[in-house]
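Open the model in your viewer and get ready to select residues by number. The tour goes stop by stop.

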Amino acid sequence: LDGTSFVPVIEGRSMPRRTIFWRQSNAKAVMQDGLKYIVTTDKEHVDTHYLFDLKKDPQEQTNLVDDYPDVVGRLQGALKVWENDLWRERQPTLKKR
């Protein structure tokens, strides 16, 4: 984890809270406060959404996406901000002539 010290874990304390984002192939996800929100996109560009409570369901067996629309909306928003930040960071700097 960039910029995160693991000293608290070594000393037996918990890690500071952190939101973690990732993308891989046809999926993107965000993990925050023990919740994991995943979006996968199939070949027809149809998205499937998942929400798991990793504290209660570490094997990700029960999709809670329909049960907690407010949580899904919050995590979708965080994922969108992260994706927009990534996009801006990858844009080339235009030089004035």
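Select Lys-28. Its relative accessibility is 24%, so Lys-28 counts as partly exposed. Buried means under 20% relative accessible area, exposed over 50%, and partly exposed in between (1.4 Å probe, protein chains only).

This is a predicted model: local features need pLDDT of at least 70, side-chain atom pairs count only at pLDDT 80 or more, and totals for chains, interfaces and linings use all residues. Residues are numbered from 1 along each chain as its sequence is written, and side-chain values use heavy atoms, with hydrogens and water left out.

**The partner of Lys-28**

Which residue forms a salt bridge with Lys-28? Select Glu-83: the closest N and O atoms of this pair are 3.2 Å apart. A salt bridge is a side-chain nitrogen of Lys or Arg within 4 Å of a carboxyl oxygen of Asp or Glu. Glu-83 is buried, with a relative accessible area of 18%.

Now look at where the two sit. Lys-28 is in strand E2 (residues 27–32) and Glu-83 is in helix H2, so their pair ties together parts that are 55 residues apart in sequence. Helices (H or I, at least four residues) and strands (E, at least two) are DSSP runs, numbered from the N terminus.

**Two further salt bridges**

The whole structure holds three salt bridges. Select Glu-60 and Lys-36, whose side chains meet at 2.7 Å, N to O. Glu-60 lies in the loop between E4 and H2 and Lys-36 in strand E3, so this pair links parts that are 24 residues apart in sequence. Lys-36 counts as buried at 15% relative accessibility, whereas Glu-60, at 26%, is partly exposed. Next, select Glu-11 and Arg-13: their salt bridge spans 2.3 Å, N to O.

**The hairpin**

Show E3 and strand E4 (residues 47–53). They run antiparallel, joined by seven bridges. Two strands pair if DSSP finds at least two bridges between them. E3 and E4 form a hairpin with five residues between them. In the turn, click His-45, which has a positive phi of about 65°. Then find Leu-35: it stands opposite Asp-53 in E4.

**The core**

How many residues does the largest nonpolar core have? It has 13, and Tyr-37, Leu-51 and Leu-75 have the most contacts inside it. Such a core is a set of buried Ala, Val, Leu, Ile, Met, Phe, Trp, Tyr and Cys residues joined through side-chain atoms within 4.5 Å. Strand E3 (35–41) and helix H2 (69–90) each supply at least two of its residues. The largest share, six residues, comes from H2.

Finish on Leu-75. Not counting residues up to four places away in sequence, Leu-75 touches Val-30, Gln-32, Leu-35, Tyr-37 and Leu-51. Contact here means heavy atoms within 4.5 Å.
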